[in-house]
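Dear colleague,

Please find below the structure for your review. My notes on its backbone and on the interface between its chains follow it.

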Amino acid sequence: MDLFFLSILFIASGGIFALLLWRRFTAMKAAGVLAIGAGCFLGLIDALSKLFNPGQVSFSITYLNGLSLSFKIDGLSAFFLVAIFAVSLLAAIYSFHYMDKPEKALRTAVNYLFFSLLIVSMALVVTAENMIAFMFSWEIMSLASFFLVIYDYQSPENRKAGYLYFVFSHVGAMFIFAAFGIMYGYTGSFGFTGALPETAKILVFILAFIGFGSKAGVFPFHVWLPHAHPAAPSHISAVMSGVMIKTGIYGIVRIYWVLDLHTPLFGEIVMIAGMVSGILGVVYALGQHDLKRLLAYHSVENIGIILIGIGIGMIGVSFNNPIMAVLGFAGGLLHVLNHAIFKSLLFMGAGAVIQKTGTRSIDALGGLLKNMKITGVTFLIGSLAISGLPPFNGFVSEFLVYLGGFQGLALDKTAFVLSLLAIVSLAVIGGLALACFTKVVGVVFQGEPRSAAAEDVNEKGPAMLVPMLVLAGACVVIGVFPRVFVLMALKGVESLGITSGPVSFAPFLQMTGNIALAVAVFFAVFLLIMVLRMVLYRGKTVGRSGTWGCGFTQPTVKMQYTGSSYAASILAFFRPVAPLHEDHPVIRGRFPDKTYYRSHVNDIAELHMGNVIVRPVLWLFDQLRWIQHGDIHLYIGYILLAIVVLLFFV
Amino acid sequence: MIKSIALWALAILLAPFFSAVILKVKAFFGGRKGSPLLINYYTLIKLFKKGSVYSTSTTFLFKLGPMVSLCAAITALMFLPIAGQPPIFSFSGDVIFILYLLGLGRFFTIVAAMDTASPFEGMGAAREAYFPIICEAATFMILILFYIFTGKLQLAAYFSGGHPLGLWQAAGSALLFVVISFFIILLTENSRVPVDDPATHLELTMIHEVMVLDHSGPDLGFIEMGSFCKLFFYATIVASLIFPFELGHPALNMGMFFVALLLVYVAVGVMESVMARYRMDRVPKFVLTSFALAFFATIITLEFVK
């Protein structure tokens with residue numbers, strides 16, 4: 001436990017150093033990055049050693065004389081700590097060249113302070129052992145990330161995004177408080193103990209699932225996500241999307257472990273939520289024009305895949321099928337790590353693009369690969385990984401989830417139908433993600449620049465490039481040598497104690513061996529083809545010329561297919577869940593005026609949340625307005641009345 | 001093992017020949033003599049002898065596209081049991097790996113098309129990204145059915161060994177739906193009529209052909225070779241489903257298999273001759289039919305198996 005707290009201390013000091021040194025811009029950044037980076041590195045080593053050398057460590061302190069804050073690291077915590085520290089380390093390094101505005105020095109320093117607080121609180125959330133410690137860290141995490149989101153507070157759009165996030169994280173926290181309150185009501189202890197009657201357990205799980213789901217971005221509680229991620233600076237988006245939303249997943253798994261109730265209902269809820277989030281997340285992503293909003297919707301999709309995996313695991317547990325249980329949980333957990341890696345890579349790539357071009361609009365970009373080689377290639381690797389294609393890391397976790405899903409086909413009717421739907425949803429999600437990321441890569445990085453902003457860009461700042469290279473490398477390494485990473489996920493699953501006896505890891509590691517073999521075969525064939533191509537092109541004339549325009553001789557870059565047109569036909573297929581709002585004037589006359597076309601995909605959750613929840617609530621409070629009349633005497637009367645009423649209960 | 005490798009090599013060698021059969025059938029329906037059955041070999045040799053012209057808009061991805069798509073198709077054939085013989089490699093879950101590997105090939109084909117900045121190629125790419133989504137759902141539906149029958153996720157378990165799946169069994173009635181369903185997937189994934197028209201030169205109506213407009217020389221040869229291998233992969237699965245596997249003698253089995261394979265290719269040719277290409281917005285409905293058939297087959301087998 002000592003090393004863990006030492007790393008926390010380092011990270012926290014990084015934020016404070018940065019704040020103290022704010023007048024010296026470069027020194028401030030260097031101090032912040034070094035201390036945070038060193039702390040994350042220590043924490044990463046500590047988490048890895050604790051993951052592979054099982055044995056729980058716990059630590060507790062007393063706070064305010066009465067409340068004890070206790071922390072414990074078991075396999076599950078250690079697994080999440082690995083993801084948190086690894087991504088935060090790279091994000092801290094990235095920020096050194098990303099935060100490049102000396103005129104905003106104080107704001108940058110404040111950003112480092114909240115960044116360090118965010119990392120510390122995430123680490124404490126996944127290690128908290130009782131409710132007090134958990135909620136304490138959880139609230140710090142929500143508040144720190146809120147201040148990070150409103151970094152650019154001058155823009156009204158960002159303030160709105162921050163406000164939306166603030167509301168969602170606190171309504172979510174309210175649900176978690178309610179769940180913990182029920183637990184406390186039955187057990188009378190703040191510890192995580194699950195000695196409750198069955199119906200109470202189900203209620204606690206559902207409340208906690210809504211609370212944690214709103215942090216994780218489960219549909220329909222994901223509304224804040226596509227607003228908050230584009231508003232935050234890119235390294236913050238990387239951390240928030242890569243790991244912070246995963247604390248919601250951690251919460252769901254932890255509460256499941258605490259309640260220790262093996263009803264298939266939990267698995268069913270989680271799986272259905274996963275499928276809906278997965279498919280709708282990627283459909284909405286396809287309709288976005290803003291690069292970071294698109295990536296934010298992909299977080300909703302990947303949270304869906306993770307939940308499908310965990311749901312399969314839970315169903316496996318309730319049907320006493322250890323293979324299915326381990327496959328589902330291991331696939332889900334590995335996808336947590338994989339998504340942390342490729343999503344932070346993609347956000348960093350998007351950040352680099354936005355910093356160099358000054359625009360987030362996909363349809364204004366193009367041809368960036370020629371001038372931004374490293375960003376382009378690493379972004380391509382991230383895109384392949386997030387589409388779940390071999391030989392990259394996304395495939396490994398999806399493969400495990402698939403295998404788990406096929407196990408479920410042999411169970412009873414409900415489980416059969418859900419497994420069938422899960423398998424088909426995963427296939428559809430995979431296809432849609434491929435469509436979405438070919439759109440991003442094709443429109444942003446390939447072709448010709450669509451606007452002046454995308455011309456003459458260059459690539460600078462090694463501190464931004466190195467983290468992207470490391471993450472892209474990780475995507476390939478996990479895809480090609482999955483063994484040790486699957487073992488990490490299995491260690492995390494082992495600590496859940498979901499199976500009655502010890503589970504042999506051998507058959508699961510055998511599967512990863514198969515993937516490694518198949519990938520090796522693929523690379524061998526690829527090498528042969530490459531040699532063949534070199535032989536075929538030896539001594540040939542290779543010319544360069546313009547793209548063949550099918551006889552048309554005056555092409556302009558504006559004729560290129562845009563992201564909107566690329567996605568249009570797929571979106572038309574999903575029209576009922578993704579209504580497309582189009583706006584363009586009718587073209588009249590032989591010499592029409594300049595015209596425009598705008599399109600916007602409506603998120604049905606956002607649309608209906610306004611109509612179904614926000615409006616009735618506003619109406620209700622409007623009706624209660626008479627209570628607040630401004631008469632001070634009556635206010636004092638309210639206080640007295642409240643005290644008198646409370647006296648009856650205490 | 002050696003037999004499997006020999007069959008794999010044979011598959012790669014014969015794939016262009018079988019694709020030429022389709023052309024011959026179409027020529028027959030058109031009342032023409034048609035090009036010789038070895039036409040595809042001549043085309044490949046011609047392309048391999050040439051140099052290339054690259055668009056100034058393209059990057060290295062344009063050259064990577066053909067290599068990856070060919071590599072994916074050839075690797076997929078290594079996992080495919082041909083004529084009831086075990087494949088070179090096989091493991092539990094290999095079907096998923098192969099489907100995703102073909103997805104990787106598709107990713108790179110699309111990316112290579114987007115590299116040219118051509119609006120036509122972008123249009124083709126958008127369609128290439130769209131239709132396979134439904135195909136994938138249908139393919140996984142079929143996998144679910146196969147899993148119910150065999151309890152395995154392995155191509156080798158479906159089409160080789162002691163109890164291969166086939167139309168001429170008790171469960172054959174359900175497999176009849178699968179044959180039709182998979183045939184639709186074959187037509188879609190391999191850009192054949194009525195989804196796409198490999199013969200047309202009207203860029204606006206094409207999917208796959210328009211995506212390779214800018215490729216030339218050996219690169220184009222790789223793409224052609226890749227699509228021959230991919231078609232061979234799908235056609236072999238359909239052939240394995242309709243082929244009974246019970247002639248006793250290995251040589252007879254082999255012969256029977258190739259006759260069935262030829263039948264599949266002829267069927268593709270007949271389809272192309274008697275049908276027109278669908279309007280683009282009709283295609284999803286056609287592809288969804290394959291999903292519906294596979295789903296229906298799964299539902300009716302549920303009671304069967306119990």
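**Findings**

A:N320 is exposed, as 11 other C-beta atoms lie within 10 Å; a residue counts as exposed at 12 or fewer such atoms, as buried at 20 or more, and as partly exposed in between, with C-beta atoms placed from the backbone. Its phi is near 60°, a positive value in a residue other than glycine. A:N320 sits in the loop between α12 (291-318) and α13 (322-357) of chain A; helices (H or I, at least four residues) and strands (E, at least two) are DSSP runs, numbered from the N terminus.

Please note that this is a predicted model, in which local features need pLDDT of at least 70, side-chain atom pairs count only at pLDDT 80 or more, and totals for chains, interfaces and linings use all residues. Residues are numbered from 1 along each chain as its sequence is written, while chains are lettered from A and ligands numbered from 1 in the order in which they are written.

Most residues other than glycine have a negative phi, and most peptide bonds are trans. A:D260 also has a positive phi, near 55°. A:D260 lies in the loop between α10 (246-259) and α11 (264-286) of chain A and is partly exposed, with 14 other C-beta atoms within 10 Å.

One joins A:F219 and A:P220, with omega about 0°; A:P220 belongs to the loop between α7 (198-216) and α8 (225-231) of chain A. Another runs from A:P390 to A:P391, with omega near 0°, and A:P391 is in the loop between α14 (373-386) and α15 (393-407) of chain A.

Turning to the interface, 61 residues of chain A are in contact with 58 residues of chain B, contact meaning that the C-beta atoms, placed from the backbone, lie within 7 Å. On the chain A side, α15, α16 (413-445), α19 (506-537), β3 (542-545) and α20 (563-573) each supply at least two residues. β3(A) and strand β1 (residues 52-55) of chain B run parallel and are joined by 4 bridges; strands pair if DSSP finds at least two bridges between them. Within this pairing, A:S545 has B:S55 as its bridge partner.

Finally, in helix α9 (residues 217-242) of chain B, 25 of the 26 residues are buried, so the helix is largely enclosed by the rest of the structure.

Yours sincerely

Conventions:
Contact = placed C-beta atoms within 7 Å.
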